[in-house]
Structures are given as structure tokens and as C-alpha cells.
Amino acid sequence: MPEQADATRLLRRESVELLWVALGAVPGALLRWQVALHLQDQNLLVNTLGASLLGLLAGLPFSPRRQLLLGIGFCGSVTTFSSWMLAAMKYISSGDWRLALGLIGMTFGLGIGGALLGYQLGAWFKSDQ
């Protein structure tokens, strides 16, 4: 019976964690959808924004629940690796390798820079408290 109680506790904990991720994912997906609706080349913007926010979250002393809500849920649904690669593939398919490589390079560079800046900002806030 102790094994069943452990399994029940684990299932309950994972269900609560799933709820936190879902609560963050819905607004993130809605924001992603609206940005895609109103901006032509949105991949660079949303991926840089998401990397910066995730860096900030990593630098701050957030609880695991907030990390699930904002990091995995919100940032995970705002940023999209697959859309980024699809946009690059469309440029390649049309023969525009320069635009494809530019998109890949700029997204990678701005993403790393945004994550680093966000992390340092979070660490600065954390040390200031």
C-alpha cells in the first residue's frame, strides 16, 4: 500500500505542475498568435523576447511553480523553434540563402544576447534585495 500512496502523491503533484504549465501556456500562445497576425516576420521578435524573459527568470529566485508558469508555460509557447526553422526553410526554398542565414544568425545572436542580458538583470535584482 505505501507504493500506491507514493504513486498517488506523485500523480497529484504532476497534475498540479501540468496545471501551472497550462496556465502559462495559454496567454503565451495567445500573444504568439496576435504577434503573428499583426507582424509579418515575427519569429525574430518573439524568440528574442522569450529568450530574454527566460534569462531573467533564470537569474531571479523564482519558485518552481513560477518557473513552470512563466518559463515552461509562457516562454515555451511564445517562442517557436519550428516556426523559426520553417521561415528559414521558406527562404532557402525560394533561393534566398542570404535571408535564411541572416534570420538564423540574427535570431541566434539576439536570443543569446537577450538571455544573457535577462539573466544578468535577474541576478542584479536578486543581489540588490
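A nonpolar core is a set of buried Ala, Val, Leu, Ile, Met, Phe, Trp, Tyr and Cys residues joined through side-chain atoms within 4.5 Å. Buried means under 20% relative accessible area, with a 1.4 Å probe and protein chains only. The model is predicted: local features need pLDDT of at least 70, side-chain atom pairs count only at pLDDT 80 or more, and totals for chains, interfaces and linings use all residues. Residues are numbered from 1 along each chain as its sequence is written, and side-chain values use heavy atoms, with hydrogens and water left out.

The protein chain has 5 helices and 0 strands. Helices (H or I, at least four residues) and strands (E, at least two) are DSSP runs, numbered from the N terminus. The pattern along the sequence is α-α-α-α-α.

The largest nonpolar core has 6 residues: V35, V46, L57, F74, C75 and V78. The largest share, 3 residues, is supplied by α3. Contact means heavy atoms within 4.5 Å. Beyond its neighbours within four places in sequence, C75 touches G50, L53, L54, L57 and L70.

Of the 129 residues in the protein chain, 26% are buried. The C-alpha atoms fill a box of roughly 65 × 40 × 25 Å along the principal axes. Among contacts between residues at least 6 apart in sequence, 69% join residues at least 24 apart.

Terms used
Buried means under 20% relative accessible area, exposed over 50%, partly exposed in between (1.4 Å probe, protein chains only).
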